[in-house]
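Subject: A structure for you to explore

Hello! I am passing a structure on to you, and below it you will find my notes on what turned up. Please keep it open while you read.

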Amino acid sequence: MKLLAYWILILCTFISVKSYGQNPIIQDVFTADPAPIVHNDTVFLYTSHDTATVEATNYQMKDWLVFSSTDMVNWTNHGAKLSPKSFSWATGDAYAAHCIERNGKFYWYVSTFHKKNKNSNGGAAIGVAVSDSPTGPFKDAIGKALITNEMTTDNEHGWDDIDPAVFIDDDGQAYLYWGNGSCKWAKLKDNMVELDGPIHHFKPKHFIEGPWVYKRKDLYYLVYASAGTKPEMIEYCTAKSPEGPWNYQGIIMGNVPNCFTVHPGVATFKGKDYFFYHNGTLPTGGSYRRSICVDYMHYNEDGTIRKVTQTKEGVLSAE
Ligand code: FUB
């Protein structure tokens, strides 16, 4: 018997056994609004942080967290790296955010709320923090909001300027997309902290919030949270340019269990495509106590995206 155990041990040492992760991928805190980037063979995952009580009927989101993984299965929690308190002009909750690298600096675009002062009457606003490292320390890059509620007037509600997502095209032009109720976008200057031209807005079919833009082969993708039915789903459009026109393509993912919202994050890592989202499936979880999951994403020959299957097992360890 002892000999058998010995041989099994020897065998296991030489055969690499791939293990599945588990959804949700973060189980020790409630996380939402996933924003993954790949840097130096590591996935950095920037997230919102739900801290509402079980009884709460609204969000309580005090800071933004950073996690990383080199295999998509084991995640390191780097902790809270930014909060609305990091921005002297901000107050209230820490809504969805997105970090991107340019020329060795990491720009973390966040949605939060503006204090009522001479620059704004309040409402949702977007700020940008900068760091030399993907895990910080981050500091307010400009000392004021990049987008205030007053800068967009196509929606009357005060929280339409949320959910920033930045995309840098092959020619180096950076674009900021954001919005609730309509999708807004503007070019960014090379310094990543100033708009470079006017703000545009449009309404992709069923668009609610959470835009995420990326390019694959020659096609641009705009993935977003939608409400063709309620609660939210994920739908998408494609275009030949990051400025559109965007052609509606359909649903990527249906409703998620036990949660009203869903929010997309897309990453390609070690040759595989991954779709990040959140749901409310952790014990005591719910719409204000969400948890991030990841599953595989697959494309058809013509570039359209196959519907993502939500699993409990998650994805296999990436090599
Ligand atoms: O997490 C707060 C808000 O819920 C986000 O900004 C939206 O995208 C939705 O997920």
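Before we look at strands, two terms: helices (H or I, at least four residues) and strands (E, at least two) are DSSP runs, numbered from the N terminus. Two strands count as paired if DSSP finds at least two bridges between them. By that rule, strand β2 (residues 42-50) pairs with strand β3 (residues 64-69) in the antiparallel sense, over six bridges.

A word on the model: it is predicted, so local features need pLDDT of at least 70 and side-chain atom pairs count only at pLDDT 80 or more, while totals for chains, interfaces and linings use all residues. Residues are numbered from 1 along each chain as its sequence is written, and side-chain values use heavy atoms, leaving out hydrogens and water.

**The sheet with β2 and β3**

β2 and β3 belong to an open, antiparallel sheet of four strands in the order β1-β2-β3-β4. Its edge strands, β1 (30-39) and β4 (76-82), each pair on one side only. Neighbouring strands here are turned by 25° against each other on average, direction ignored; the axes are lines fitted to C-alpha atoms, and angles run from 0 to 180 degrees between N-to-C directions. In general, strands of a sheet pair through backbone hydrogen bonds, either parallel or antiparallel.

**Another four-stranded sheet**

Strands β14-β15-β16-β17, in that order, form an open sheet with antiparallel pairing. At its edges are β14 (207-216) and β17 (247-253), each pairing on one side only. The twist averages 25° from one strand to the next. Five bridges join β16 (residues 233-239) to β17, and tyrosine 236 stands opposite glycine 250 in β17.

**The ligand**

Which residues surround the ligand? Among them are Asp33, Tyr59, Asp163, Glu209, His263 and Arg290, where a residue counts as near if one of its heavy atoms lies within 4 Å. Some of these make polar contacts, here pairs of N or O atoms within 3.5 Å. A ligand oxygen is 2.5 Å from a side-chain N or O atom of aspartate 33, and a ligand oxygen is also 2.5 Å from such an atom of aspartate 163. For tyrosine 59, a polar side-chain atom lies 3.2 Å from a ligand oxygen. The protein covers 99% of the 280 Å² of accessible area that the ligand has on its own (Shrake-Rupley method, 1.4 Å probe).

Enjoy exploring!

Conventions. Polar contact = N/O pair within 3.5 Å; in protein donor to acceptor, adjacent residues only side chain to side chain.
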